[in-house]
Structure formats: structure tokens, C-alpha cells
Amino acid sequence: MNSSIKNITTLQQISAPVGRVLLATIFFMSGLTKITAYAGTQGYMEAMGVPGMLLPLVIALEVLGGLAIMLGWQTRLVAFALAGFSILSAMLFHADFSDQMQMAMFMKNVAIAGGFLMLVAQGPGAYALDNRASSK
């Protein structure tokens, strides 16, 4: 194997787990924040027309889904769920396009969904728990 191919392979091996962690951290941290600001988050959801009783499910998806992506466990399934969640959140909470900040938040969610769909298509890459299950 020549050195340029070896360098590309090494870059791919490193970028996959780092990318998963970077992509998932926003969900993991957001879920933890929702726990510490439960009443405020529930009130915000209800003000936007979303039933506050869904908050425990949102927290579970963000915290557990974020961890699953970081670890590369059930990556395609969880990434698909988080992509859908990102698009739904964008439409429910950030669709006020007359507000530049909400437009930026909308586009951030769309971009994150795109990253998750790349995980659905490409799989978790190196250093993922999914790889341990498939190697047995």
C-alpha cells in the first residue's frame, strides 16, 4: 500500500469516530440541559403547541441517541431517528423565517439532519460498537 492510500485510510479511521462525537454532542448536551431546566423547556414546548408530556421522550432520544451515535451502536437506526427529529424540530420551533436567528437555527437543524443521513448511508465507520457485532 502506498503512503497516500495509507494516509487516506488513517484519516478515514480517525474522522469517523471524531465526526460521530462532534455530531452527537449537541444532542447529548441538549438533553442534559433539558433535565436541569425541565419546567422551562416544558413551558416552551407547550407555548409552541407541542405537548409538554413529550419532554421525557425528547430527553431520552437526545441523551441516549447521542450516546449511541458517539459509541457507534445501532448507528444507522439512531441516526435516522435523529435526522427525523432534527427536521421536525426545525419545522416546529424554528420556522419563523422573518427572524434571522430562527432561520439560522432552522438551517443548523437541516445541516445536522444531513450529517445523520450520511451516517445512515455510510455507516458508523471505524471504532464503533456496530463493527464488533458484525465481526462475530
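1. Basis. In this predicted model, local features need pLDDT of at least 70 and side-chain atom pairs count only at pLDDT 80 or more, while totals for chains, interfaces and linings use all residues. Residues are numbered from 1 along each chain as its sequence is written, and side-chain values use heavy atoms, with hydrogens and water left out.

2. Fold. The protein chain has six helices and zero strands (DSSP runs numbered from the N terminus: helices are H or I of at least four residues, strands E of at least two). The C-alpha trace spans about 60 × 35 × 20 Å along its principal axes. Of contacts (heavy atoms within 4.5 Å) between residues at least 6 apart in sequence, 67% join residues at least 24 apart.

3. Burial. Of the 136 residues in the protein chain, 33% are buried (under 20% relative accessible area; exposed is over 50%, partly exposed in between; 1.4 Å probe, protein chains only).

4. Core. The largest nonpolar core has 22 residues, among which Phe27, Met45, Ile69, Leu82, Phe116 and Leu119 touch the most other members. Such a core is a set of buried Ala, Val, Leu, Ile, Met, Phe, Trp, Tyr and Cys residues joined through side-chain atoms within 4.5 Å. At least two residues of this core come from each of α1, α3, α4 and α5, and α3 gives the largest share, seven residues.

5. Met45. Leaving aside residues up to four places away in sequence, Met45 touches Val50, Pro51, Leu54, Leu55, Val58 and Phe93.

6. The largest pocket has a volume of about 610 Å³. A pocket is an open set of points on a 1 Å grid over the protein atoms alone, where a 1.4 Å probe fits, with protein on both sides within 12 Å along at least five of seven lines; lining residues have an atom within 4 Å of a point. The volume is the space filled by probe spheres set on the points, which are joined across faces, edges and corners. Lys34, Glu62, Phe85, Ser89 and Phe93 are the closest to the pocket centre among its 24 lining residues. α4 supplies the largest share of the lining, six residues.

7. His94. The loop between α4 (75–93) and α5 (100–122) holds His94. His94 is buried, at a relative accessible area of 13%. Not counting residues up to four places away in sequence, His94 touches Ser89, Gln102, Met105, Phe106 and Asn109.
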